[in-house]
Amino acid sequence: PLQVLTEWLEPYAGRPARTVLRGRRRSNAPLLPDRLYDALHKTLLSQPLIHGDETTVQVLKEPGRSAQSKSYAWVYRSAEGCAEPVVLFDYQPGRGQEHLKKFLGDYSGMLMSDGYSAWRTLKKATHFGCVAHARRLFVKADKAAEKKTDSGKQKIPNARVAKALEYFQALYRVEALAKGELPDGRTRADYTYGLRQKHSVPVLEAFKAWLDELALKVLPQSLLGKAIAYTRNQWQYLSRYVTDGCAPIDNNVCERDIRPFAITTWQTRFASERLEGLYGRHPGRAPRRDLARLEAKVLDYTLRRKLADGSTHWSSRKLAAQLGVPLHPHVFVMAESG
């Protein structure tokens with residue numbers, strides 16, 4: 001990291017002494033990534049909607065734990081299209097409710113998640129369920145019905161599953177319409193709310209009545225029975241999105257962010273050290289190098305602020321003298337106390 005810092009600072013006025021940089025890093029520790037992560041965390045908690053999800057990750061050579069231990073990467077992110085988008089990963093050794101409670105605290109906004117019971121323990125949040133997650137259970141039942149029997153004959157497609165998927169399709173058609181051209185004088189949230197109340201609410205009412213009737217006729221342990229049970233049990237959360245034009249219908253945007261953990265197994269499942277808060281979403285990039293470059297910019301800004309207000313010491317003056325060029329126009333607020 002020190003090498004990256006010297007390379008970044010060199011265009012200003014030559015390479016600063018590594019001993020000076022090392023001293024500044026020690027005095028500012030943990031300037032990055034902790035301060036950056038904390039600032040993003042604070043921004044996320046101030047937003048009206050948070051998506052949440054979690055996935056397993058295997059970490060090797062972690063002190064006090066065997067290589068076969070199952071750990072979890074929790075992901076929290078802003079609403080899709082948010083003006084200040086934030087995506088944060090939180091590595092934890094387990095899947096207990098204490099981890100999300102520690103991260104989200106007394107968050108009282110909208111929280112979109114799947115049906116995992118730990119999410120519902122956050123009492124002050126308004127919970128929304130993922131309609132796409134419920135739909136996937138019916139798709140799973142549909143695929144099982146399409147498999148051939150041992151005799152090679154094709155199974156007859158399950159008409160009940162097909163009917164359920166038609167209801168989901170109708171709900172998503174309304175969402176597609178809501179993302180279309182906005183009428184004059186209407187906000188996106190108001191327009192979406194109106195469409196949902198006019199079209200989605202009747203579909204949901206018919207769907208719920210159909211599920212209640214069908215639940216008495218389907219084996220509870222069958223794939224279709226499990227899909228019906230999940231949807232009915234989560235109904236208040238799955239259907240709540242129609243009450244707010246800003247609420248999402250599903251958690252797909254969060255699941256897309258967590259997908260790298262399932263794809264880049266060479267980085268996650270066989271990681272050789274404990275994953276910290278920040279994770280490189282792009283496998284081809286080096287997150288630590290990016291952070292080092294960011295640290296150089298923050299360090300530059302911090303030293304110039306100290307020079308401006310007179311609160312400098314010997315190493316700050318020496319490094320600032322070697323930098324000797326204009327202040328970056330884009331500054332990082334989290335560095336002001338550095």
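The legends below describe close-up views of a predicted model. Local features need pLDDT of at least 70 and side-chain atom pairs count only at pLDDT 80 or more, while totals for chains, interfaces and linings use all residues. Residues are numbered from 1 along each chain as its sequence is written, and side-chain values use heavy atoms, with hydrogens and water left out.

View 1. Strand 4 spans residues 110-113; helices (H or I, at least four residues) and strands (E, at least two) are DSSP runs numbered from the N terminus. Strands pair if DSSP finds at least two bridges between them. Strand 1 (residues 49-58) runs parallel to strand 4 and is joined to it by three bridges, with leucine 49 partnering methionine 110. Strand 5 (residues 126-129) is also parallel to strand 4, through four bridges; here methionine 112 partners phenylalanine 128. Met110 and Met112 on one face, and Leu111 and Ser113 on the other, are all buried (under 20% relative accessible area; exposed is over 50%, partly exposed in between; 1.4 Å probe, protein chains only).

**View 2. Glutamate 175 in helix 6.** Helix 6 covers residues 159-178 and contains glutamate 175. This glutamate is buried, at 9% relative accessible area. Leaving aside residues up to four places away in sequence, glutamate 175 touches Arg196, Ser200, Tyr241 and Ile249 (contact: heavy atoms within 4.5 Å).

**View 3. The largest nonpolar core.** This core has 35 residues, and Phe138, Phe207 and Tyr241 have the most contacts inside it (a nonpolar core is a set of buried Ala, Val, Leu, Ile, Met, Phe, Trp, Tyr and Cys residues joined through side-chain atoms within 4.5 Å). Helix 7 gives the most to this core, with seven residues.
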